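Please open the model in your viewer and keep the selection panel at hand. The stops below each name something to select and then say what is there.

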Amino acid sequence: MEKIVQTAGRNQLGDFAPDFAHYNDDVLFGENWNNQDIDLKTRCIVTVVALMASGITDNSLKYHLENAKNHGVTKDEISAVITHVAFYAGWPRAWAVFNLAKTVWTD
């Protein structure tokens, strides 16, 4: 399994919020994302679902959609996931996520 390495926390917040940067880069991505109990494709789908359910439809969701695509999630799979979650998390959220997903899977 490829090792996930993240430096966004330190790059963007390292001087301002070093503890948060550490938790983001070393714990969330360094430990959690590298835990092998869940494969990366599934972890990517779970993350997209969690962000969608939380109403997060900004660049962080776009990053995770791109990450899902890069780890093997197909257009048909993400479409089915978003449609399924729409019934639980809300139709307007699904529209917002589809708008982002469409840009990722048509690039």
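**Stop one: Val81 and its helix**

Begin by selecting Val81, which lies in helix α5; helices here are DSSP runs of H or I with at least four residues, strands being E runs of at least two, and both are numbered from the N terminus. This is a predicted model, in which local features need pLDDT of at least 70 and side-chain atom pairs count only at pLDDT 80 or more, while totals for chains, interfaces and linings use all residues. Residues are numbered from 1 along each chain as its sequence is written, and side-chain values use heavy atoms, with hydrogens and water left out.

Val81 is buried, with a relative accessible area of 17%, where buried means under 20% relative accessible area, exposed over 50%, and partly exposed in between, for a 1.4 Å probe and protein chains only. Leaving aside residues up to four places away in sequence, Val81 touches Ile45 and Val49, contact meaning heavy atoms within 4.5 Å.

**Stop two: the packing of α3 with α5**

Now select residues 40-54 (helix α3) together with residues 75-89 (helix α5), which pack at an angle of about 35° with their axes 10 Å apart. The axes are lines fitted to C-alpha atoms, for helices over the stretch in contact, and angles run from 0 to 180 degrees between N-to-C directions.

To see the contact itself, show the side chains of Lys41, Ile45, Val48, Val49, Met52 and Ala53 in α3, which meet Glu77, Ile78, Val81, Ile82, Val85, Ala86 and Ala89 in α5. By class, this contact of α3 with α5 has eleven nonpolar, no polar and two charged residues; Ala, Val, Leu, Ile, Met, Phe, Trp, Tyr, Cys and Pro count as nonpolar, Asp, Glu, Lys and Arg as charged, and the others, Gly among them, as polar.

Next, centre on Lys41, which is found in helix α3 and counts as partly exposed at 28% relative accessibility. With residues up to four places away in sequence not counted, Lys41 touches His71, Gly72, Val73 and Glu77.

**Stop three: the bend in α2**

Move to residues 18-32, helix α2, which bends by about 25° at Asn24; the bend at a residue is the angle between axes fitted to the seven residues ending there and the seven starting there. Within α2, Ala21, Asn24, Asp25 and Phe29 are buried, and what covers these buried residues includes α1 (8-13) and α4 (59-70).

**Stop four: rings and a histidine**

Phe29 and Trp33 form a stacked pair, 5.8 Å centre to centre with 15° between the planes. The rings of Phe87 and Trp91 have their centres 5.3 Å apart and their planes at 70°, so this pair is edge-to-face.

How values were computed:
Phe/Tyr/Trp six-rings, centres within 6.5 Å; stacked < 30°, edge-to-face > 60°.
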